[in-house]
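The following exercises concern a single protein chain. Please work through each task with the structure in view before reading its solution.

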Amino acid sequence: MRHVPGIDVWRGLSVLLVITHHVAIRLPLKATPLADQLPARLLLAISWNGYEAVLIFFVISGFLITARTLDRDGRPADIDLRAFWTRRLARIAPPLLLLVGVLSVLHALGVPDYTIDPERQTLGLAVLSALTFWLNVYEGRTGYLPGSWDVLWSLSIEELFYLGFPLLFRVARREVVVAAALVPFAALIPLWHAMGEGEIWREKATLPGMAAIATGVVAAMAARRLPQSPQRDRALVVVGSALVVSVLGWGDLWWARIGEGTLLVHVVGVAL
């Protein structure tokens with residue numbers, strides 16, 4: 001797969017948005033000197049688009065994993081299940097084990113902001129949920145874990161998706177069949193998000209995250225089949241970027257008009 005600079009741009013923007021979102025939770029940017037320097041809408045955009053930034057990551061992840069897998073293995077029917085899962089394990093397990101180990105030590109030492117509330121949660125279940133990819137479900141049922149644990153919610157969704165990803169390709173055998181299954185699933189992201197109960201679960205629900213990844217999967221398969229056309233590609237970049245920027249900058253207006261459909265506009269824009 002050739003290098004796509006635009007992907008680096010969107011990933012870099014997403015990293016910044018996640019960081020500024022977490023900063024704003026603890027230190028509202030409107031209470032800083034930035035409020036005197038930046039327009040209110042821009043300040044709002046860089047403060048509260050953490051979830052939208054994670055959706056960008058999900059779409060890009062689905063695109064890259066699909067493109068690289070099909071470049072390597074060819075047809076969906078030829079995907080090597082063991083090799084795919086081994087690559088994922090080799091990529092994810094070492095840093096995940098290191099992080100969980102460090103966080104467990106910090107909890108045991110009682111370090112403030114790293115200690116799990118024993119009245120709601122346990123270290124054992126936090127470790128288990130992180131290593132078996134259901135930490136988002138654990139938080140949805142028990143409340144937020146400390147922030148350093150909480151960030152693993154998105155990894156849980158992503159890796160759960162990739163456990164089933166190669167199986168779907170092997171069973172479907174053809175890209176068109178995979179697309180027929182994933183397009184309606186991805187298109188229902190507004191419904192999946194609306195089904196969430198409570199603030200935590202609506203943000204960290206599994207199905208909306210998987211729908212975003214599925215959007216990237218479909219985009220990768222479409223990109224492989226479309227004939228080269230620089231003019232069309234530039235148009236897709238302009239339209240897609242406009243949609244994403246409009247959601248990041250004027251998401252409140254989108255939500256006021258189409259509600260949960262805003263998420264579909266967002267992930268389609270990223271896919272384009």
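**Exercise 1.** Determine which residues Glu159 is in contact with, leaving aside its neighbours within four places in sequence.

*Solution.* Step 1: contact means heavy atoms within 4.5 Å. Under that criterion, and with neighbours within four places in sequence left aside, Glu159 is in contact with Arg88, Ile92 and Phe133. Step 2: Glu159 belongs to helix 9 (residues 153-172); helices are DSSP runs of H or I with at least four residues, numbered from the N terminus. Step 3: Glu159 has a relative accessible area of 5%. Residues under 20% relative accessible area are buried, those over 50% exposed and those in between partly exposed (1.4 Å probe, protein chains only), and Glu159 is therefore buried.

The model is predicted: local features require pLDDT of at least 70 and side-chain atom pairs pLDDT 80 or more, whereas totals for chains, interfaces and linings use all residues. Residues are numbered from 1 along each chain as its sequence is written, and side-chain values use heavy atoms, with hydrogens and water left out.

**Exercise 2.** Identify which helices hold Arg41 and Asp252, and which hold Asp71 and Arg224.

*Solution.* Step 1: a salt bridge places a side-chain nitrogen of Lys or Arg within 4 Å of a carboxyl oxygen of Asp or Glu; the whole structure contains 13 salt bridges. Step 2: Arg41 and Asp252 form one of them, at 2.9 Å from N to O. Arg41 lies in helix 3 and Asp252 in helix 14, 211 residues apart. Step 3: Asp71 and Arg224 form a salt bridge at 3.0 Å, N to O. Asp71 is in helix 4 and Arg224 in helix 13 (residues 206-225), so this pair ties together parts 153 residues apart in sequence. Step 4: salt bridges with shared partners join Asp71, Glu175, Arg224 and Arg225 into one network.

Conventions. Helices (H or I, at least four residues) and strands (E, at least two) are DSSP runs, numbered from the N terminus.
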